[in-house]
Structures are given as C-alpha cells and as structure tokens.
Amino acid sequence: MPKVIILAHAQLAPEGAELDVPTGTSICEALLENGIEIEHACDMSCACTTCHVIVRKGFNSLNEQEETEEDLLDKAWGLEPQSRLSCQAIVAHEDLVVEIPKYTINHAKENH
Ligand code: FES
C-alpha cells in the first residue's frame, strides 16, 4: 500500500503524519479518514479550492487534472506547479509527500 507522508501543518497536523493509503483513494479522503481535518467546503465535488494541497513527491504518479480542477486551482492561495485539489487527486502506486498550504480561501467562512 502506498505511503502518504503529510508534512507538518500548524493546525491540522502539528507533527506531520505518515499514512498508509489504499490505491484509488483521493488524498482528501485519506486525510479525513486519518483525522486530519482538511477543509472540503464543496464536499469533494470539485467546486472550491479549500482542499488544495501541494504534492512535493510523487506528483506525476497521480491521475491527470481535469480542466475544472485547473481552473479552480488558478484561484487557490499559494498555487505551485505541484498543486492539486486533494479531493480530485487519486493515490496510485507510488508514495507521496503532501504539504497542506497554510491558508485556504473559504468564502463561506470569510462571510461570517
Ligand atoms: S473539496 Fe471542494 S474542490 Fe475539493
């Protein structure tokens, strides 16, 4: 089973984490199942950017991005060439190293 290493994130994973993730699982699901509460404002339907992650290792092993994902990512905070929406990025057979960005843009929350 591929390993997904999560780099330390002050709020969500202060010490980082190492997850065993079955092939075919989205990075977002893997995080949530392991108690790392990444935001997922649109319920993983590829309609927000709150689940944005940066895949530091293993990026090329992931499934291709759809156009909607690319368009949304353009609006994400801290976009990098290895950015993905974690609910759309499916773990394949390679280990991954994933960074959760410091901020997300969550309009729903900002309005409160
Ligand atoms: S949870 Fe909204 S795009 Fe992933």
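Close-up 1. R56 is partly exposed at 31% relative accessibility. Buried means under 20% relative accessible area, exposed means over 50%, and partly exposed lies in between, with a 1.4 Å probe and protein chains only. E99 is partly exposed too, with a relative accessible area of 24%. A salt bridge here is a side-chain nitrogen of Lys or Arg within 4 Å of a carboxyl oxygen of Asp or Glu. Strands (E, at least two residues) and helices (H or I, at least four) are DSSP runs, numbered from the N terminus. This is a predicted model, in which local features need pLDDT of at least 70, side-chain atom pairs count only at pLDDT 80 or more, and totals for chains, interfaces and linings use all residues. Residues are numbered from 1 along each chain as its sequence is written, and side-chain values use heavy atoms, with hydrogens and water left out.

**Close-up 2. Strand β5 pairs with β1 and with β3.** Two strands pair if DSSP finds at least two bridges between them. Strand β1 covers residues 3-6 and β5 covers residues 96-99. These two run parallel and are joined by three bridges. V98 in β5 is the bridge partner of I6. Strand β3, residues 52-57, pairs with β5 in the antiparallel sense, over three bridges. Here K57 stands opposite V97 of β5. In a regular strand, side chains alternate between the two faces of the sheet.

**Close-up 3. K3 and D20 meet in a salt bridge.** The distance is 2.8 Å, N to O. K3 belongs to strand β1 and D20 to strand β2, residues 17-20. The pair links distant parts of the chain, 17 residues apart. K3 is partly exposed, with a relative accessible area of 31%. D20 is partly exposed at 47%.

**Close-up 4. R84 and E69 pair in a buried setting.** Their side chains form a salt bridge of 2.8 Å, N to O. R84 lies in strand β4 (residues 83-85) and E69 in helix α2, so the contact ties together parts 15 residues apart in sequence. R84 is buried, with a relative accessible area of 2%. E69 is buried at 1%. Elsewhere, salt bridges that share partners join K3, E18 and D20 into one network. The count by this rule comes to five salt bridges.

**Close-up 5. Six acidic residues form a negative surface patch.** The members are E64, E66, E67, E70, D71 and D74. Patch residues have over 30% relative accessible area and no salt bridge, and like charges are joined within 9 Å. Asp and Glu count as negative. The place of a charge is taken as CG of Asp or CD of Glu. E70 lies in helix α2, residues 67-73. E70 counts as partly exposed, at 39% relative accessibility.

Close-up 6. P22 is partly exposed, with a relative accessible area of 42%.

Key. Patches are made of residues with over 30% relative accessible area and no salt bridge: like charges are joined within 9 Å, nonpolar side chains (Val, Leu, Ile, Met, Phe, Trp, Tyr) within 5 Å. Accessible areas come from the Shrake-Rupley method with a 1.4 Å probe; for residues, only the protein chains shown count as cover.
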